[in-house]
Amino acid sequence: MSLVDHDISPQDRDDRRRRSYPKGYGLTFPIADYRPWDIDPEFLALFEAIRSNTKLDVYRAYSLYTLGRQTQKTSGAVLEVGAWRGGSAAILAAVAQPSTVYVADTWKGVVKAGPRDDYYKGGEHADADIGTVKQLFNAVNLTNYQLLPGVFPEESGHAVPSEETFSLVHIDVDVYLSARDATEWVWPRVVTGGTIVYDDFGFYGCEGVTAYVHELMQDPRMRVFPNLNGQAVAIKLR
Ligand SMILES: C[S@@+](CC[C@H](N)C(=O)[O-])C[C@H]1O[C@@H](n2cnc3c(N)ncnc32)[C@H](O)[C@@H]1O
């Protein structure tokens with residue numbers, strides 16, 4: 001596998017170069033030259049198996065994989081809200097075994113887009129279905145998962161046993177209200193030291209999620225790290 005195979009596609013790169021960004025946005029090229037995934041055969045095999053089922057690039061996928069491998073440091077299950085075709089959920093299920101991974105999606109696309117969201121209007125990413133997720137989990141031999149179809153948390157949160165707690169949560173929902181509602185539902189169930197990863201943080205077009213994460217930075221119950229790869233990571237202090 002070539003080293004460049006894992007980076008964004010040439011077309012995606014060109015599209016971004018042509019974009020005219022507002023103030024506060026623009027392509028960034030961090031001066032970093034550490035590529036631990038290239039020498040991690042377990043990750044490479046997993047990423048290859050799921051890459052057509054995910055929108056995550058290798059950087060975010062590897063961050064999630066690394067955090068997933070540390071879930072045993074705290075007790076509890078794993079939750080992903082916003083699974084689309086199941087790629088990132090499969091990474092979590094593979095590395096967090098034997099913990100259960102709850103996998104939530106409408107499988108009808110983005111919901112709850114509102115005034116905080118500049119780009120999303122609702123219905124985006126509807127090109128995924130629950131059958132595709134089941135097929136992927138079968139293909140990579142994973143059974144430690146439970147699917148939660150419907151708008152989360154209103155239509156599917158009830159299917160999570162009331163005594164369940166969470167060690168790691170991945171919220172990848174594109175818009176402000178879905179990120180907020182998922183966080184407020186899961187927060188009392190996250191163990192101290194548990195971690196919530198917010199995908200979309202800082203992405204041009206995901207201003208609602210970025211704004212929500214900035215609100216969380218003021219919350220004394222958590223420490224929030226703005227990882228500048230398109231994710232933010234919140235750790236529960238109390
Ligand atoms: C960018 S996709 C997720 C990508 C996926 N994590 C991956 O591996 O590439 C965002 C998903 O969030 C889902 N979504 C947004 N708000 C939701 C909500 N409140 N409840 C359930 N699913 C939601 C959409 O249906 C969509 O499939």
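This is a predicted model: local features need pLDDT of at least 70, side-chain atom pairs count only at pLDDT 80 or more; totals for chains, interfaces and linings use all residues.
Residues are numbered from 1 along each chain as its sequence is written, and side-chain values use heavy atoms, with hydrogens and water left out.

**The ligand and its surroundings**

- Threonine 54 places a polar side-chain atom 2.8 Å from an oxygen atom of the ligand, whereas lysine 55 uses a backbone N or O atom, which lies 2.6 Å from an oxygen atom of the ligand.
- Taken alone, the ligand exposes 600 Å², of which the protein buries 99%, with accessible areas taken from the Shrake-Rupley method with a 1.4 Å probe.

**The sheet**

- Seven strands form an open sheet with mixed pairing, in the order β3-β2-β1-β4-β5-β7-β6; helices (H or I, at least four residues) and strands (E, at least two) are DSSP runs numbered from the N terminus, and two strands pair if DSSP finds at least two bridges between them.
- The edge strands, each pairing on one side only, are β3 (145-149) and β6 (222-225).
- Strand β6 is joined by four bridges to β7 (residues 231-236), and these two strands run antiparallel; methionine 222 stands opposite lysine 236 in β7.

**Helices on the sheet**

- Helix α6 (residues 176-186) packs on the sheet and touches β1 (77-81), β4 (166-171) and β5 (190-199), where contact means heavy atoms within 4.5 Å.
- The direction of α6 makes about 175° with that of β4, on axes fitted to C-alpha atoms, for helices over the stretch in contact, with angles from 0 to 180 degrees between N-to-C directions.
- Helix α7 (residues 207-216) also packs on the sheet, touching β5, β6 and β7, and its direction makes about 150° with that of β5.

**Backbone details in loops**

- The peptide bond from glutamine 97 to proline 98 is cis, with omega near 5°, and proline 98 lies in the loop between α4 (87-95) and β2 (101-105).
- A cis peptide bond also leads from phenylalanine 152 to proline 153, with omega near 0°.

Notes: A polar contact is a pair of N or O atoms within 3.5 Å; within protein, one must be able to donate a hydrogen and the other to accept it, and residues adjacent in sequence count only if both atoms are side-chain atoms.
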